[in-house]
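This report looks at how side chains meet one another in a single protein chain. Please keep the sequence and the coordinates at hand while reading.

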Amino acid sequence: MNNTCNQFNAEQELARTHLKGPALVLAGPGSGKTRVITGRLAYLIEDSAVSPSSILTITFTKAAAEEMKERSRKLIGNSASAVYFGTFHSLFLSILRHTYRFGPENIINSRTQFEISKEIIESEKIEIRDSDRFYADLLSEVSRFKTFRRNEEEFNSSALDNESFRKFYKRYSERLNSLRLIDFDDMIMRANRLFKERDSVRRSWAEKFEYIMIDEFQDIDSVQYETIKMLCGDDKNIFVVGDDDQSIYGFRGAEPSIMKSFLEDFPNARLIRLSQNYRSDPAIVEAASVVISENIERLEKNIISARERKSSGSVDLRSFKDHNEEIKILTEEILKGKENYRDMAVIVRTNALSSYFASELMMRDIPVICREKISDIYNHFIAKDIFTYLTLSQGDKSRAAIY
């Protein structure tokens, strides 16, 4: 009998002890979702005599999968070693390995991708500028095309004109096939197609994994979701954990609306809300709830801080018409307490914004320590071209000035 139940609140215990059938755990930030997942693993294996090898646990990064595996091992011992912990990509590669003998050596690396792309572009005599950036953008578009499964005739490319993109994509795909190479998007697409075309293969994997658990479910895309639905056995023992308000990977194809679709696709699914936030001060939780409530097409939730209100500070929510107004107000606020620069931090969502804010603050003589590498806009090919034009306008026509 597992003796960890006293470590869980009532909501967490309800999720931890869910045994049969589908369940959606709506886990707010700081609500202990990883503890719930590892606790449920202990409940399945130790209390319900479920075979560890019949449990599939998926998360979205290798690091997260390793962390969950280690936490499970500490909780339930060596039994956790037989549980399949991995990412969607590692799972689908395992499926392709068994059927097509694909392995890590068949995964194309970035260097080969660039070489193949460059060969195709040059043979098509397509003129480009700033080659490294161009090929990175082009390969990103190939990934986006595969992820969203767009019709080639409807897909609008920003790297090439549409006709050139279709030619490139066709030749790129043919080249990978001839070399027996796949990229990360191909892993998902091929596994999906395999399950559709060979039901015996699908059934064998569905029988292998009697219980499926998925963490960070808000980051799933439509192809991954469709494939997982096919992997579910007759008992539909699928247990998903996530928060549609925390999805940030829409540019990679993530569709948080799938969380609502899950309740439609599995009408008998149990909906469990983890509403206690153990991480943040009540003032932060309340302010975040105000912002998040503006989201549309979301599952309703009421997040409450489990901590005592200790801080006398407050959260000031503001909106700005553009970056110029934002940096102006930010600068004014920083200068109010300029004797305490070391006590201040600017937290942003992306590395690109880090560079922007760091550069703007330095231009205003505000000292900055940035954890990310600050990009230099003057190294961009557009800036270099402008400098070249200015140099030529001054009468310097040397080869060095042009190149």
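What follows describes salt bridges, aromatic contacts, cysteines and a surface patch in this predicted model.

**Salt bridges**

A search of the whole structure finds 29 salt bridges. Three of them are set out below, with the separation between nitrogen and oxygen for each pair.

| Pair | N to O separation |
|---|---|
| Lys 20 and Glu 210 | 3.4 Å |
| Lys 301 and Asp 244 | 2.8 Å |
| Asp 245 and Arg 298 | 2.6 Å |

The salt bridge between Lys 20 and Glu 210 joins the loop between α1 and β1 to the loop between α9 and β4, so that parts 190 residues apart in sequence are tied together. Lys 20 is partly exposed, with a relative accessible area of 44%, and Glu 210 is likewise partly exposed, at 35%.

Lys 301 and Asp 244, which meet in a salt bridge, lie in the loop between α12 and β8 and in the loop between β5 and α11, respectively, and are 57 residues apart. Both of these residues are buried. Asp 245 and Arg 298 also form a salt bridge, and because Asp 245 lies in the loop between β5 and α11 while Arg 298 lies in the loop between α12 and β8, this pair ties together parts that are 53 residues apart in sequence. Asp 245 counts as buried at 15% relative accessibility, as does Arg 298 at 13%. Asp 243, Asp 244, Asp 245, Arg 298, Glu 300 and Lys 301 are linked in a network of salt bridges.

**Aromatic contacts**

The whole structure contains 15 aromatic pairs. In one of them, the ring centres of Tyr 100 and Phe 102 are 6.1 Å apart and the planes stand at 70°, so the pair is edge-to-face. Tyr 100 is partly exposed at 29% relative accessibility, whereas Phe 102 is buried at 3%. The pair of Phe 217 and Tyr 225 is also edge-to-face, with centres 6.0 Å apart and planes at 75°; both residues are buried, and together with Phe 262 and Phe 266 they form one aromatic cluster.

Charged groups meet rings as well: the charged end of Arg 35 sits over the ring of Phe 8, 4.8 Å from its centre, and that of Arg 40 sits over the ring of Phe 239, 4.2 Å from its centre.

**Cysteines and surface**

The search finds 0 disulfides. Cys 232 is buried at 5% relative accessibility, while Cys 370 is partly exposed at 27%.

A nonpolar surface patch of about 410 Å² is made by Ile 284, Val 290, Val 291, Val 315 and Leu 317. Val 291 belongs to helix α12 and is partly exposed, at 46% relative accessibility.

Methods. Residues are numbered from 1 along each chain as its sequence is written. This is a predicted model: local features need pLDDT of at least 70, side-chain atom pairs count only at pLDDT 80 or more; totals for chains, interfaces and linings use all residues. Side-chain values use heavy atoms; hydrogens and water are left out. Patches are made of residues with over 30% relative accessible area and no salt bridge: like charges are joined within 9 Å, nonpolar side chains (Val, Leu, Ile, Met, Phe, Trp, Tyr) within 5 Å. Accessible areas come from the Shrake-Rupley method with a 1.4 Å probe; for residues, only the protein chains shown count as cover. A salt bridge is a side-chain nitrogen of Lys or Arg within 4 Å of a carboxyl oxygen of Asp or Glu. Helices (H or I, at least four residues) and strands (E, at least two) are DSSP runs, numbered from the N terminus. Buried means under 20% relative accessible area, exposed over 50%, partly exposed in between (1.4 Å probe, protein chains only). Rings of Phe, Tyr and Trp (its six-membered ring) pair if their centres lie within 6.5 Å; planes under 30 degrees apart count as stacked, over 60 as edge-to-face and the rest as tilted. A charge sits over a ring if NZ of Lys or CZ of Arg is within 6 Å of the ring centre and within 35 degrees of the ring normal. A disulfide is a pair of cysteine sulfur atoms within 2.5 Å.
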